[in-house]
Amino acid sequence: MSEKAKKIELRHSLLKKRTQMSVTEWREKSDRICTHLQVSPLFTQAKTILLYFSFRQEADLSPLFANSHYRWGFPRCLGKNMFWHSLETQNSSSLQVGTYGIIEPNPDNQVIQPCEVDLILVPSVACDSQCFRLGYGGGYYDRMLSLPEWNLKPTIGIVFEFAYLPELPIQGWDKPLQNVCTENGIKPKI
Ligand SMILES: Nc1nc2c(c(=O)[nH]1)N(C=O)[C@@H](CNc1ccc(C(=O)N[C@@H](CCC(=O)O)C(=O)O)cc1)CN2
Ligand SMILES: Nc1ncnc2c1ncn2[C@@H]1O[C@H](COP(=O)(O)OP(=O)(O)OP(=O)(O)O)[C@@H](O)[C@H]1O
């Protein structure tokens, strides 16, 4: 089987497993992930952090946004690129539903430039012990993290432990992240 076909099959089975989690289990594991993040030096030493609105039962990091000590950035998809915005108000009029049905900031919100970013929390379908990541297949983070202005930014892949695997199928453009966080803790790249 090709690496591409292996990715498609794995993505399908892991997304199925993730959406079969009960809401209670999802909430508990998401909260544990938030707790591990909140005590990590990578996190506490950051000022501007990129993250996401949970989609298809991804770990929900919304308890983190409540902390106004940090500046939070959320992605907006435009074509094959992501743009990052902070939300000045918690007002729902600053949000819209984007291309894939994911909530995103509307373009009027303040743009966050790469040089301002200290940490990226990367939503993942799976990660492996070398910090390679499987996403939804759009290539958004692969493209972004391959650019020189993003290349050296600290990254933490976010997955539940059941999707932290020994080895993912990888293709030429896949670049490892620097860390992975599951409900059991933060694991740096080996
Ligand atoms: N919460 C969250 N927001 C995010 C991401 C994410 O992973 N999580 N993204 C991270 O990239 C971007 C959105 N990327 C996405 C890419 C593809 C699909 C999607 O539905 N793909 C189709 C198959 C596409 C294909 O194989 O060509 C599908 O799964 O049915 C969804 C989101 C930006 N925002
Ligand atoms: N650095 C890059 N430059 C150009 N195209 C890229 C790059 N990285 C990935 N792609 C394209 O993106 C597509 C999707 O890649 P892949 O299946 O690895 O996505 P993914 O990491 O699962 O998705 P996502 O990052 O959106 O969650 C591939 O077909 C590939 O051609």
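Cysteine 77 is buried, with a relative accessible area of 18%. In this predicted model, the closest cysteine sulfur to that of cysteine 77 belongs to cysteine 127, and the distance of 18 Å is too far for a bond. Cysteine 127 is buried as well, at a relative accessible area of 0%. Its own closest cysteine sulfur is in cysteine 131, 7.0 Å away, again too far for a bond.

The nonpolar interior comes next. In soluble globular proteins, nonpolar side chains tend to be buried together. The largest nonpolar core of this model has 28 residues, and the most contacts inside it are made by Leu50, Trp84, Ile120 and Trp150. Two or more residues of this core come from each of α1, β3 (81-85), β6 (119-123), β7 (126-128), α5 and β10 (164-165). Of these, α5 gives the most, with 4 residues. Another core, of 25 residues, lies apart from the largest one, and it includes Met21, Tyr52, Phe65 and Leu119.

What does tryptophan 150 contact, leaving aside its neighbours within four places in sequence? The partners are Leu50, Trp84, Pro114, Val117, Ile120, Met144 and Leu145. Among them, Leu50, Trp84 and Ile120 are also named with Trp150 as the residues with the most contacts inside the largest core.

The empty space can be taken in turn, beginning with the open part. Rolling a probe the size of a water molecule over the atoms shows where empty space is left. The largest pocket has a volume of about 770 Å³. Its lining holds 33 residues, and Tyr136, Gly137, Gly138, Gly139 and Tyr140 are the closest to its centre. Two or more lining residues come from each of α1 (3-19), β2 (71-78), β5 (103-105), β8 (133-134) and α5 (140-145). By class, the lining of this pocket has 16 nonpolar, 7 polar and 10 charged residues.

The structure holds 2 cavities of 30 Å³ or more. The largest cavity has a volume of about 50 Å³. Its lining consists of Arg18, Glu58, Ala59, Ser124, Val125, Ile158, Val159, Phe160, Phe162 and Ala163. These divide into 7 nonpolar, 1 polar and 2 charged residues.

About 40 Å³ of space lies in the second largest cavity. Val122, Arg133, Tyr141, Asp142, Leu145, Lys175 and Leu177 form its lining. Which element gives the most to this lining? That element is α5, with 3 residues. The lining of the second largest cavity has 4 nonpolar and 3 charged residues, with no polar ones. One of its lining residues, Leu145, is also in contact with tryptophan 150.

Some single residues complete the picture. Lysine 29 is found in helix α2 (residues 23-38). Is lysine 29 buried or exposed? At 19% relative accessibility, lysine 29 counts as buried, because the cut-off for buried is under 20%. Beyond its neighbours within four places in sequence, lysine 29 is in contact with Phe160 and Glu183. Phe160 also belongs to the lining of the largest cavity.

The loop between β1 (48-50) and α4 (62-65) holds arginine 56, and glutamine 57 is placed in the loop between β1 and α4 too. Arginine 56 has a positive phi of about 50 degrees although it is not a glycine. Glutamine 57, also a residue other than glycine, has a positive phi near 60 degrees. Arginine 56 counts as partly exposed at 43% relative accessibility, whereas glutamine 57 counts as buried at 17%.

Glutamine 113 is found in the loop between β5 and β6. Its relative accessibility of 42% makes glutamine 113 partly exposed. Between glutamine 113 and histidine 12 there are 34 Å in space, C-alpha to C-alpha, and the two are 101 residues apart in sequence.

Definitions and conventions. Residues numbered from 1 in each chain as written. Chains lettered and ligands numbered in written order. Predicted model: local features only at pLDDT ≥ 70, side-chain atom pairs only at ≥ 80, totals over all residues. Heavy atoms only, no water. 1 Å grid on protein atoms, 1.4 Å probe; cavity = no way out; pocket = protein on both sides within 12 Å on 5 of 7 lines; lining within 4 Å. Points joined across faces, edges and corners; volume = space filled by probe spheres on them. Nonpolar A, V, L, I, M, F, W, Y, C, P; charged D, E, K, R; others polar. Disulfide = S-S within 2.5 Å. Buried < 20%, exposed > 50% of the residue type's maximum accessible area, 1.4 Å probe, protein only. Core = buried A, V, L, I, M, F, W, Y, C linked by side-chain atoms within 4.5 Å. Contact = heavy atoms within 4.5 Å.
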